[in-house]
Amino acid sequence: MAVPGFDWFSDRVDWVSLVRGASLAFSVLVIGGLAAPLGARIPVVGPAWLIITAVVAFVLAGYRIGDAVDPRVHGAGAAVAGYLLVLPLVVLGTGELDPTQLVLTLLTAVIMGAIAGHLAGRNRDRRTA
C-alpha cells in the first residue's frame with residue numbers, strides 16, 4: 001500500500017479556503033495568547049484559557065471548507081497550518097520548543113479541524129441537496 005503524498009492532499013482541499021482558515025486560526029491564536037494575562041483572571045476559564053483559545057482557533061479554521069472535496073482532510077490541514085504559522089512566535093516567546101506540547105497541540109489541531117470540517121461538509125451537502 002502506497003503512502004499518500006502531497007498530490008493526495010492537494011486534490012482534496014480548496015487552497016484559497018485553506019489559507020483563509022489558517023489565517024483565521026493564526027489570528028485567534030495570537031490574540032488569545034496576547035489576552036492570556038487577562039483571561040487568566042476569569043474564574044474557571046482562566047487556567048484553561050490557552051487550551052480553549054487553541055480549540056476555538058482550530059474549529060474556526062476547520063469550518064472554512066469552501067469547495068473542498070474532502071472536508072475532513074481540508075479542516076485538519078487548515079487547523080495544522082494555522083498552528084504552524086504561530087509556532088515561531090511560541091518559540092520566540094518561550095525560548096524553547098516542548099516536544100510533548102508540540103505533538104499534543106498538533107493532534108488537537110488535526111482532530112478538531114477534522115471534526116469541524118466534517119460538520120461543515122454535512123451542512124454544505126444539506127444546503128445543496
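**Reading the model**

Modeller: Let us begin with contacts: leaving aside residues up to four places away in sequence, Thr53 touches Val28, Leu29 and Gly32. Please keep in mind that this is a predicted model.

Colleague: Where does Thr53 lie, and is Thr53 buried or exposed?

Modeller: Thr53 belongs to helix H4. Thr53 counts as buried because its relative accessibility is 9%, and buried means under 20%. As for distance, Thr53 and Pro71 are 18 residues apart in sequence, and their C-alpha atoms are 22 Å apart in space.

Colleague: How is a nonpolar surface patch read, and which residues make the one here?

Modeller: Residues join a patch when they have over 30% relative accessible area and no salt bridge, with nonpolar side chains linked within 5 Å. Here, Tyr63, Leu104, Leu107, Val110, Ile111, Ile115 and Leu119 make a nonpolar patch of about 610 Å². Helix H6, residues 99–128, gives the most to this patch, with six residues. Tyr63 lies in helix H4, which covers residues 49–63. Tyr63 is described as partly exposed because its relative accessible area is 40%.

Colleague: Which residues does Ala120 touch, beyond those up to four places away in sequence?

Modeller: With those set aside, Ala120 touches Tyr63 and Ile65. Ala120 is placed in helix H6 and is buried, with a relative accessible area of 2%. The C-alpha atoms of Ala120 and Leu107 are separated by 20 Å, and the two residues are 13 apart along the chain.

Colleague: How many salt bridges does the structure hold, and which side chains meet there?

Modeller: Side chains of opposite charge can pair when their charged atoms come close. The structure holds one salt bridge, in which the side chains of Asp70 and Arg72 meet at 3.7 Å, N to O. Asp70 counts as buried, at 16% relative accessibility, whereas Arg72 is partly exposed, with a relative accessible area of 47%.

Colleague: Which residues does the UniProt annotation "transmembrane region" cover?

Modeller: An annotation comes from a record and may be inferred rather than shown by experiment. The unreviewed UniProt entry gives "transmembrane region" for residues 18–38, 44–63, 75–95 and 101–121. The model can then be read over such spans. Residues 75–95 are 95% helix and 0% strand, with the end C-alpha atoms 30 Å apart. Residues 101–121 are 100% helix and 0% strand, and their end C-alpha atoms lie 29 Å apart.

Methods: Residues numbered from 1 in each chain as written. Predicted model: local features only at pLDDT ≥ 70, side-chain atom pairs only at ≥ 80, totals over all residues. Heavy atoms only, no water. Patch = residues over 30% accessible without salt bridge, like charges linked within 9 Å, V, L, I, M, F, W, Y side chains within 5 Å. Areas by Shrake-Rupley, 256 points an atom, 1.4 Å probe, with all protein chains shown as cover. Salt bridge = Lys/Arg side-chain N within 4 Å of Asp/Glu carboxyl O. Helix = DSSP H or I, 4+ residues; strand = E, 2+ residues; numbered from the N terminus. Buried < 20%, exposed > 50% of the residue type's maximum accessible area, 1.4 Å probe, protein only. Contact = heavy atoms within 4.5 Å.
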